[in-house]
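Thanks, everyone, for making the time. I would like to walk through one structure today, taking the helix packing to begin with, then a single side chain, and finally the nonpolar cores.

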Amino acid sequence: MRRYFLIRSIPLPWLRRDTTQNESSPLIPKAGSAKGDTEEVAYVTTELHQAGTSDGQDNDSPVFTGIQPYYSYSLMDYFLKYFLFLSNLVFTVLGLVVLGLGMWGLISKESFAQEKISSLGTDPMLILVTLGMVLTVLCLSGCVGALRENCSLLKLFSAIVLVLITAQVLAAIMAYSLQDQVIGLLRSGMLAAMARYQDDLDLRFITDEIQSNLQCCGADNYRDWEINIYYNCSAPGVLSCGVPATCCVDPLENGTVWNSQCGVGAQTLDEFTAQSVIFLGGCLGGISRWIEQHEGLIGTVSIVVLGVQILTLFITTRLLESIQWHKVYL
């Protein structure tokens, strides 16, 4: 037993480990390496502390030279941010004005009254309310999102703009490919406006402007005014079988006084006699001719409006990218 302990206490030559350092053992740390690493970490920490606490040498420190661009926006980023903010602010105010005008029109005409609520869908003021509401919500999200650098609002703004661009392109394609259906919708809308000519001042104003500017009468011809209960030939009163004064070739008596009775009894006249008194052609044909004459201008305006929306979408995307990079590296 004593012999066994004696052998175990004496290390045998073939059981000894080689602790010498040479080039063939790269994983074994060299003598003094731990001390060197500690000194290097202490040096870097001191350098970072001095660069962070010094007042006038932050930009000159070699430690921060590589990461300085990630902490600040470029001039282009600031320009895009405030350009998007100001432009959306202007259109937000415009949307609020349009919304206010639409609501004022509906309230002043008592369109929410129980006896008029059924015809609210054909009220032109409803278009202003819808347009003002969409414009306000859209531009307010872009305005606040750009100012506060809120990615959620900017993404909402971009999504709505993208939906609007897609809807406008699809509407243009459908209007071009389904011209007969579009003309049918215009005819239905104009006949509805003519039927409510005396009941809604806004529809009356729109109808009068179309007829006087396009020099037309009715939807297809002047006999369409029979749809109105006051101009119907079976209706009592002086307006029976007549047309509005805006259908007249010369509604001004002696060139100065507006003659509101110039279209009385015009529906009883034959076309040869009536052509010297009123316009015979319908306004649908006048609208088609106006579009053909100004198709270049309409196309230019449409391209400009669409281009502005696409540019806005690109600006928002660029600003979103800058904000996200800034938040990641900050």
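Let me start with a pair of helices, α7, which covers residues 201-214, and α9, which covers residues 283-293; their axes come within 10 Å and cross at roughly 65°. Please keep in mind throughout that this is a predicted model. The crossing of α7 and α9 is left-handed, and the residues that make the contact are I210, Q211 and L214 on the α7 side, with C283, G286, I287 and W290 on the α9 side. Sorted by class, that contact holds 5 nonpolar and 2 polar residues, and no charged ones.

The other pair I want to show is α4, residues 124-148, with α5, residues 151-177, and here the axes come within 8 Å and cross at roughly 145°. This crossing, too, is left-handed. From α4 the contact takes in L138, S141, G142, V144, G145 and A146, and these meet L153, L154, L156, F157, I160, V161 and L164 of α5. The class count for α4 with α5 is 10 nonpolar and 3 polar residues, again with no charged residue.

Is Q267 buried or exposed? Its relative accessibility is 5%, and the cut-off for buried is under 20%, so Q267 counts as buried. What lies around Q267, once residues up to four places away in sequence are set aside? The residues it touches are Y222, R223, W225, E226, Y231, C233, C241, G242 and V243. For G242 there is a further detail, in that its backbone oxygen lies 2.9 Å from a polar atom of the Q267 side chain.

In soluble globular proteins, nonpolar side chains tend to be buried together. In this model the largest nonpolar core has 20 residues, and those with the most contacts inside it are M190, C217, Y222, W225, V243, C247 and I278. Helices α6 (179-195) and α9 each supply at least two residues of this core. If we take C247 and leave aside its neighbours within four places in sequence, we find it in contact with Q211, C216, C217, W225, I278 and F279. There is also a second, separate core, which has 17 residues, including Y73, L80, L138 and L313.

Notes: Residues numbered from 1 in each chain as written. Predicted model: local features only at pLDDT ≥ 70, side-chain atom pairs only at ≥ 80, totals over all residues. Heavy atoms only, no water. Axes fitted to C-alpha atoms, helices over the stretch in contact; angles between N-to-C directions. Helix = DSSP H or I, 4+ residues; strand = E, 2+ residues; numbered from the N terminus. Left-handed = near helix turned anticlockwise from the far one by under 90°. Contact = heavy atoms within 4.5 Å. Nonpolar A, V, L, I, M, F, W, Y, C, P; charged D, E, K, R; others polar. Buried < 20%, exposed > 50% of the residue type's maximum accessible area, 1.4 Å probe, protein only. Polar contact = N/O pair within 3.5 Å; in protein donor to acceptor, adjacent residues only side chain to side chain. Core = buried A, V, L, I, M, F, W, Y, C linked by side-chain atoms within 4.5 Å.
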